[in-house]
Amino acid sequence: LPLVTGPGGAKLSKRDNAVSLASGRDLEKEGHRLLLDALRFLGQKPPVQLLGAGCADIIAWSVASFDLEAIPRQNGQFPAPDREG
């Protein structure tokens, strides 16, 4: 699995006091965006229709559609700096 890295390319680690991905976010309102970002980081291609979906629907799609072969082999930032939406 790819490692999540910071802007300088260093691995994010709790041991190094990395900031939580949920830090400062209202997960009731933004949890679905974190799930979609995580799916994209893992090389998945959730359909546009999931942008307004709830977490349960996103997870259901993920279970049914997850493609192990799509997971990238390289590390990267989460979410990717050039993400849209």
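A salt bridge is a side-chain nitrogen of Lys or Arg within 4 Å of a carboxyl oxygen of Asp or Glu. In this predicted model, the count by that rule comes to one salt bridge. The side chains of Asp37 and Arg40 form it, with an N to O distance of 3.4 Å. Asp37 and Arg40 are about one helical turn from each other, because they lie three residues apart in helix α1.

**The chain as a whole**

The protein chain has two helices and two strands. Along the sequence, their pattern is β-α-α-β. The protein chain has 85 residues, and 26% of them count as buried. Its accessible surface comes to about 6,200 Å², and carbon and sulfur atoms hold 55% of that surface. Among contacts in the protein chain with a separation of 6 or more, 54% are between residues 24 or more positions apart.

In soluble globular proteins, nonpolar side chains tend to be buried together. Here the largest nonpolar core has six residues: Leu36, Leu39, Leu50, Ala53, Ile58 and Trp61. Helices α1 (27-41) and α2 each supply at least two residues of this core. Which residues does Ile58 contact, leaving aside its neighbours within four places in sequence? The contacts of Ile58 are His32, Leu35, Leu36, Leu39, Leu50 and Ala53.

**Accessibility of single residues**

| Residue | Relative accessible area | Class |
|---|---|---|
| Asp37 | 6% | buried |
| Thr5 | 9% | buried |
| Arg40 | 39% | partly exposed |
| Glu69 | 68% | exposed |

Thr5 is in strand β1, which covers residues 4-5. Not counting residues up to four places away in sequence, Thr5 touches Ala10, Lys11, Leu12, Asn75, Gly76, Gln77 and Phe78. Thr5 is buried, with a relative accessible area of 9%.

Where is Glu69 placed? Glu69 is in the loop between α2 (55-65) and β2 (76-77). Glu69 is exposed, because its relative accessibility of 68% is over the 50% cut-off. Leu42 is 27 residues from Glu69 along the chain, and the C-alpha atoms of the two are separated by 9.9 Å.

Methods
Residues numbered from 1 in each chain as written. Predicted model: local features only at pLDDT ≥ 70, side-chain atom pairs only at ≥ 80, totals over all residues. Heavy atoms only, no water. Helix = DSSP H or I, 4+ residues; strand = E, 2+ residues; numbered from the N terminus. Buried < 20%, exposed > 50% of the residue type's maximum accessible area, 1.4 Å probe, protein only. Core = buried A, V, L, I, M, F, W, Y, C linked by side-chain atoms within 4.5 Å. Contact = heavy atoms within 4.5 Å. Areas by Shrake-Rupley, 256 points an atom, 1.4 Å probe, with all protein chains shown as cover.
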